Amino acid sequence: MFGFYRIASVCPTLKVADTEFNTDEIIRCGLLAKNEGAAVVVFPELCITGYTCSDLFHQELLLKKSFASLLKIAKAFDDSDMIVAVGLPLRMFGKLYNCAALLQRGKIIGITPKIHLPNQREFYEKRHFNSGRDLLSTNSAKIGGYVKAPLTYSFDGLGEVPITNFFMVNGSDEIRIGVELCEDLWTAAPPSGELALAGANVILNLSASDALVGKGDYRRNLVMNQSARCMAAYVYASAGVHESTTDMVFSGHLMIAENGSMLSERKNYSRKSEIVFADIDVQRLNAQRLS
């Protein structure tokens, strides 16, 4: 399908802090998406460890195992051009960040740290993580698709990995990916707006948004409206029921919208892994922008 890209949004079953179990399920779901012809597959925020690990995020063993899991996931797709977006805690420059990692052909092609950390009511992310604003400020997207050379971080055995929220895919000018994480969308000025001005036409959001009365509809409107404002596809993958605690309930809300229209959605509190697909007409999005 010329000009079309199949996108998958996934909510895998999960065990909090059990990186081996979570990694195997992420790989299993990713292979299902690959077999369905997905070009991009998006998993929830902190899906390798679980979002609700709380102070376990400060445990050295969890951090080391989650990074080892990232490498295992990358290797599982080293024979594919499919882009896999997963979430995990990463320590860089002596600080801990809530990150999205984009993988392709067995490599980490980039790391996106979360900028806006919710720290009100049931959320207390600032207890564990630092904002990635300063890391991304050196390569903020510029109108016309030009970006400064991104800041990089050297991971053991991997060399320099770019820290960025803007991705040119295989050097193609047809599809350009912007990345933000959960709360970034809920702010007055989401990063995706600036990314769209720089040329991003597919926005990925790795999320762990909890469930409250009426919040699902509000979240759905946010995704649809942002896809319309950005004239882009917006892919949203949120944490599922296995993250639920005495404080929070998660529904596993999955959405794929295109320029204001919801193409695919699932929000059914499933206890099984769930995947939704949509075929994004990137050529149409680019033609609409051009006109």
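Biologist: Which residues touch the most other members of the largest nonpolar core?
Modeller: In this predicted model, the largest nonpolar core holds 35 residues. Several elements each supply at least two of its residues, including helix H1 (19-35), helix H2 (60-76) and strand S5 (107-113). The residues that touch the most other members are Phe43, Leu70, Val84, Val86, Leu103 and Ile111.

Biologist: Which strand gives the most to this core?
Modeller: Strand S1 (4-11), strand S3 (83-92), strand S4 (95-104) and strand S7 (159-163) are among the elements that each supply at least two residues. With five residues, the strand that gives the most is S3.

Biologist: What does Val84 touch, leaving aside residues up to four places away in sequence?
Modeller: Val84 is one of the core residues that touch the most other members. With those sequence neighbours not counted, Val84 touches Val41, Phe43, Ile73, Phe77, Ala101, Leu102 and Leu103.

Biologist: How many residues make up the other core that lies apart from it?
Modeller: That other core has Ala85, Val179, Leu181 and Ile256 among its members. Its residues number 28.

Biologist: Which are the edge strands of the open sheet of six strands?
Modeller: The sheet has mixed pairing and the order S8-S9-S10-S11-S12-S13, with a twist that averages 15° from one strand to the next. An edge strand pairs on one side only, and this holds for strand S8 (166-168) and strand S13 (261-266).

Biologist: Which residue in S11 is the bridge partner of Asn205?
Modeller: Strand S10 (residues 202-207) and strand S11 (residues 233-238) pair in the parallel sense over six bridges. In S11, the bridge partner of Asn205 is Tyr236.

Biologist: At what angle does helix H6 run to S12?
Modeller: Helix H6 (residues 215-229) lies across S11, strand S12 (254-258) and S13. Its angle to S12 is about 30°.

Terms used:
Residues are numbered from 1 along each chain as its sequence is written. This is a predicted model: local features need pLDDT of at least 70, side-chain atom pairs count only at pLDDT 80 or more; totals for chains, interfaces and linings use all residues. Side-chain values use heavy atoms; hydrogens and water are left out. A nonpolar core is a set of buried Ala, Val, Leu, Ile, Met, Phe, Trp, Tyr and Cys residues joined through side-chain atoms within 4.5 Å. Buried means under 20% relative accessible area, exposed over 50%, partly exposed in between (1.4 Å probe, protein chains only). Helices (H or I, at least four residues) and strands (E, at least two) are DSSP runs, numbered from the N terminus. Contact means heavy atoms within 4.5 Å. Two strands pair if DSSP finds at least two bridges between them. Axes are lines fitted to C-alpha atoms, for helices over the stretch in contact, and angles run from 0 to 180 degrees between N-to-C directions.
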